[in-house]
Amino acid sequence: MTGSTESGTTPAACCDDSADPAPAARPGARPDGLWTVDEHLADVLAAVGPLPAIELQLLDAQGCRLAEDVVAEGDLPPFDNSSMDGYALRTPDTVGASTAYPSVLTVVGDIAAGAGELPAVGPGQAARIMTGAPVPPGAGAVAPVEWTDGGTGTGRPADSMAAAVEGEEVRVLRPVAEGAHIRRRGSDVAAGSRVLTAGTRLGPAQLGLLAAIGRATATVRPRPRVVVLSTGSELVQPGEPVGPGQISESNSFTLTAAARDAGAIAYRVGGVPDDAARLRAVLEDQLGRADLIVTSGGVSVGAYDVVKEVFAEYGGVDFRRLRMQPGKPQGFGRIGPGPGVPLLALPGNPVSAYISFELFVRPAIRAMLGAEDVHRPVVRAHCPVALRSPAGRRQFLRGRYTAADGLVEPVGGADSHLVGALARADCLITVPEDVTELPAGSEVDVVLLGG
């Protein structure tokens, strides 16, 4: 939140849809000074891109996207191994085997997982073998222990193998097919094959695969470091006493969580009062650890809004008006030395800030991650209630979507301070700029949130 407000129920001088700052004279803006949502988003995405690739230890790379294809240098598994506890044997020795007429084989050795020296298996012989152990020379299959008497001499199916004894025999109670219960070398991954492609997000399974093929590190696009701060002298931290004219600060929590949900490493900065020196000091302190800065509040025309004043000192930050509701006032540019750090200045009202994040900040974070598709999924659904929207604005209404029925219904009203309704929403209902009324049952675009 900021000292000014955006809600359509507030006085016009503070509303994000009425008294707006003078349009910025920047190439790309419409003659009336209003930008479309798509123009603003294109401007943002043109200024950001995948971060330079770095090499990280596997667990440090979790959540990042590969910057290059990964090719396996060796086979996986690297050798033929048993998929069962049982007996490695020659399959011809089990032809016609049954409980009544078992094949009786001499046990010539034990093979545990990790074994180096392996006994050779000849005709009429078998080797006790554990899951994951290498298959010995001469053996063509593995009989699970349940298909044998486990060396007990009883001739009855066993559920475990007896302790090894000299001259042990095992009775096999059914035929065993060639290759049964053997994991062949390279059956999972063949040497020289591409196992992961550039752009793949590294989750638990992908990190496990890299480790399995012997990779200790991964070359990835790092997760962008996003600094989130909110401005306004009326803000107090949650848990602190709220005095007259004050409110608990929530935007920084919402936006920090949203940045993390998008894949960033997000740092939350508490509410900054409407004091230019204080805001300037906070920004200077945060520039060194930020790949992207997100602010909320101070982008409208309030008398005590100092955000534009401070950003004007850096240059390169453009404040503009968009053809959207909520969230009409927006700021975007770079601050800091050299090329600067990208900065998106969002409105202060909670719903405006969150929707602006979803439309502009989240795609920027996804682009910095190197994701192929930076946008939320959009589906078509029928809305059972009539909708109204201001002319010339693309309206984003909070809604609940039911995939099974293909229906979407608005949640709460259109005002930009309704955080209770926002918390119940799982989508945004989009009403185009050139539409002012939609009758009940109309089909609309729905932006799916979460997931």
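Two strands pair if DSSP finds at least two bridges between them, and helices (H or I, at least four residues) and strands (E, at least two) are DSSP runs, numbered from the N terminus. Residues are numbered from 1 along each chain as its sequence is written. What you see is a predicted model, where local features need pLDDT of at least 70 and side-chain atom pairs count only at pLDDT 80 or more, while totals for chains, interfaces and linings use all residues; side-chain values use heavy atoms, with hydrogens and water left out.

First, the overall picture. The protein has seven helices and 29 strands. Of its 451 residues, 50% count as buried, meaning under 20% relative accessible area (1.4 Å probe, protein chains only).

Now for the sheet. Seven strands make an open sheet with mixed pairing, in the order S1-S19-S21-S22-S18-S14-S17. At its edges stand S1 (34-35) and S17 (265-272), each with a single partner strand, so one side of each has no neighbour in the sheet. Further in, S18 (residues 292-296) and S22 (residues 341-346) run parallel, joined by four bridges. One of these pairs serine 296 with leucine 346 in S22.

Helix H3 packs on this sheet, touching S14 (225-231), S17, S18 and S22; contact here means heavy atoms within 4.5 Å. Helix H6 packs on the sheet too, and touches S14, S18, S19 (317-322), S21 (329-335) and S22.

How do H3 and H6 pack against each other? H3 (residues 251-261) and H6 (residues 350-369) meet at an angle of about 25 degrees, with their axes 10 Å apart; the axes are lines fitted to C-alpha atoms over the stretch in contact, and angles run from 0 to 180 degrees between N-to-C directions. That makes H3 roughly parallel to H6, a label for angles under 35 degrees. Among the residues that meet are Leu255 and Ala258 in H3, and Tyr354 and Phe357 in H6. By class, this contact has eight nonpolar, two polar and no charged residues; Ala, Val, Leu, Ile, Met, Phe, Trp, Tyr, Cys and Pro count as nonpolar, Asp, Glu, Lys and Arg as charged, and the others, Gly among them, as polar.

Finally, look at strand S29 (residues 442-448), where five of the seven residues are buried. S29 pairs antiparallel with S23 (residues 378-383) over six bridges, and with S27 (residues 427-431) over four. Valine 446 in S29 is the bridge partner of valine 379 and also stands opposite isoleucine 429.

Technical notes
Angles under 35 degrees count as roughly parallel, over 145 as roughly antiparallel, 65 to 115 as roughly perpendicular and the rest as oblique.
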